[in-house]
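Hi everyone, thanks for coming. Please have the structure open on your screen, and we'll walk through it together.

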Amino acid sequence: MKVAYYDKKMETLDRDKLEKLQLKRLRATVDKALEIEFYHKRLSKIGILSGNDICSLSDIKMIPYTTKEDLQSGYPESFLAVPGDKVVRLHTSSGTMGTSTVIYHTAGDIDSWSALTARSMFAAGARNIDVFQNINAYGLFTGGLGMHYGAELLGMTVIPSGAGHSIKQIHLMRDFKTTIVHATPGYLLHLYGLMQDLMISPAELSLRKAFLGAEPYCENTRDKIEKLLQIEAYNSYGLTEMNGPGVAFECMERNGMHVWEDAYFMETIDPDTLKSVEDGQEGELVFTTLTREATPLLRYRTRDLASIYTDSCECGRTHRRISRIKGRTDDMFIINGINVYPSQIEAVIMKHSEVGTNYRVYIEKKGALDKVIIRIELFKGAVEKYTQDELDRLKQRLTKELTDAIIVNPTIEFWEAGSLPSYGSKALRVIDDRNELLW
Ligand code: ADP
Ligand code: ZN
């Protein structure tokens, strides 16, 4: 099969040329990073005062890692490397206790990011004749605007349908003959269930592909989606700190995701020893931005676990591929595509004096969507002290506050003090019963 490319020269660049380009861009990135006080301090301590002090790609190993906590402590402006008048947009990603990380973008950053999402979707077979329905939250989340700009650049007809209003999504798909959707796998399965209720069969639609990401899922889920909807599904990986979608994407071989190495320098490390692991071994993905101007990041620890494939891809692209994301090194979990930390839940629950000391979060699949049940112990004697009415009102308040905090509507259950399992040294707060092998 003849392979078409969005940017043939870049996508098929010889490895040695690609590495030369990476080195050039890494040096420029270090120069930009030196504008940020945090990096200036760190880099000067190890004798890096200019990008020219980086002699080879392996010199990157001298540079300490950047963590989510570093970005959080720099909230809101410390990781801005350009004057404010050069910034055209910012995105944030949720973090523990509601502290966000902020990524700023110049006009050039938006252009490069859009080119990456356009390149990604083209590699997965999207063309300008396609009708692209972007079923992803627009706003601070990167899945909405990030894919939108790339899809327009590619020349597709974009339906910016956003998240939610499920019945309308299906009507839009049918009425405007959507050929490609971008969604979370769970939400797309949910839409399939709804289509059955509405007696709309996939055969009545023009859908041919789905780009699925933002949450972990396994090959079985991909197979299921492909069979039920009679489409091809492609894995898409990204994170706000590295722009968002467009970091890694499957080509038409659908066998691992190509990481766009002209824009991201990729490493995998052992999260405990922080030493590099060999390609092919599972490790934590670490990325350095190679083109970003407003918020350059050096050796950012993603906390996502994956392995780098060692074989080359049939499609001819020289950019290396990664496996599915096999898990995370932190306690973050993802519910219907939204990142949630137990600490965000804890912060809300523990504000209330009626609440005791213990709680547990259960995550289940209800149909295709994730459902969250939070069991909360009341303090000792609370059941006698409060009327049922008072407890019901407390439940309503908690439901609203938790929905605001984690954007997921949980079911709250009150339990008597001492009735939930207690812990040894390590608190097991979250029981993820979604019953899926994640790879
Ligand atoms: P998004 O808005 O895309 O969810 P965030 O920055 O909020 O962006 O979340 C990024 C995280 O989502 C990643 O670090 C990873 O844990 C998860 N993620 C994104 N894409 C995938 C994917 N294809 N498979 C598994 N996990 C993914
Ligand atoms: Zn390929």
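I'll start with the cores, then go to a few helices, and end with some backbone details.

First, some housekeeping: this is a predicted model, where local features need pLDDT of at least 70 and side-chain atom pairs count only at pLDDT 80 or more, while totals for chains, interfaces and linings use all residues. Residues are numbered from 1 along each chain as its sequence is written, chains are lettered from A and ligands numbered from 1 in the order in which they are written, and side-chain values use heavy atoms, with hydrogens and water left out.

Let's go inside. A nonpolar core is a set of buried Ala, Val, Leu, Ile, Met, Phe, Trp, Tyr and Cys residues joined through side-chain atoms within 4.5 Å. Buried means under 20% relative accessible area, exposed means over 50%, and partly exposed is in between, using a 1.4 Å probe and protein chains only. The largest nonpolar core has 44 residues, and Val30, Tyr237, Phe287 and Ile322 touch the most other members. Helix 2, residues 15–33, gives the most to this core, with four residues. Helices (H or I, at least four residues) and strands (E, at least two) are DSSP runs, numbered from the N terminus. Apart from that core lies another one of 25 residues, among them Ile345, Val355, Ile412 and Val430.

What does valine 30 touch, leaving aside its neighbours within four places in sequence? It is in contact with Leu43, Ile48, Ser50, Gly51, Ile54, Ile63 and Leu298, where contact means heavy atoms within 4.5 Å.

Now find glutamate 267 in strand 10, residues 264–269. Is glutamate 267 buried or exposed? Its relative accessible area is 6%, so it counts as buried. Its side chain makes a polar contact with the side chain of arginine 299, at 2.6 Å. A polar contact is a pair of N or O atoms within 3.5 Å; within protein, one must be able to donate a hydrogen and the other to accept it, and residues adjacent in sequence count only if both atoms are side-chain atoms.

On to the helices. The axes of helix 8 (residues 185–197) and helix 9 (residues 219–229) come within 11 Å and cross at roughly 30 degrees. Axes are lines fitted to C-alpha atoms, for helices over the stretch in contact, and angles run from 0 to 180 degrees between N-to-C directions. Helix 8 and helix 9 are therefore roughly parallel. Angles under 35 degrees count as roughly parallel, over 145 as roughly antiparallel, 65 to 115 as roughly perpendicular and the rest as oblique.

Helix 7 (residues 166–175) and helix 8 have axes that come within 10 Å and cross at roughly 80 degrees. That makes helix 7 roughly perpendicular to helix 8.

Helix 10, residues 342–349, is mostly covered, with six of its eight residues buried.

Last stop, the backbone. Most residues other than glycine have a negative phi, and most peptide bonds are trans. A cis peptide bond, with omega about 5 degrees, joins tyrosine 75 and proline 76. Alanine 214 has a positive phi of about 75 degrees although it is not a glycine, and asparagine 336 has a positive phi of about 45 degrees. Asparagine 336 lies in the loop between strand 15 and strand 16.
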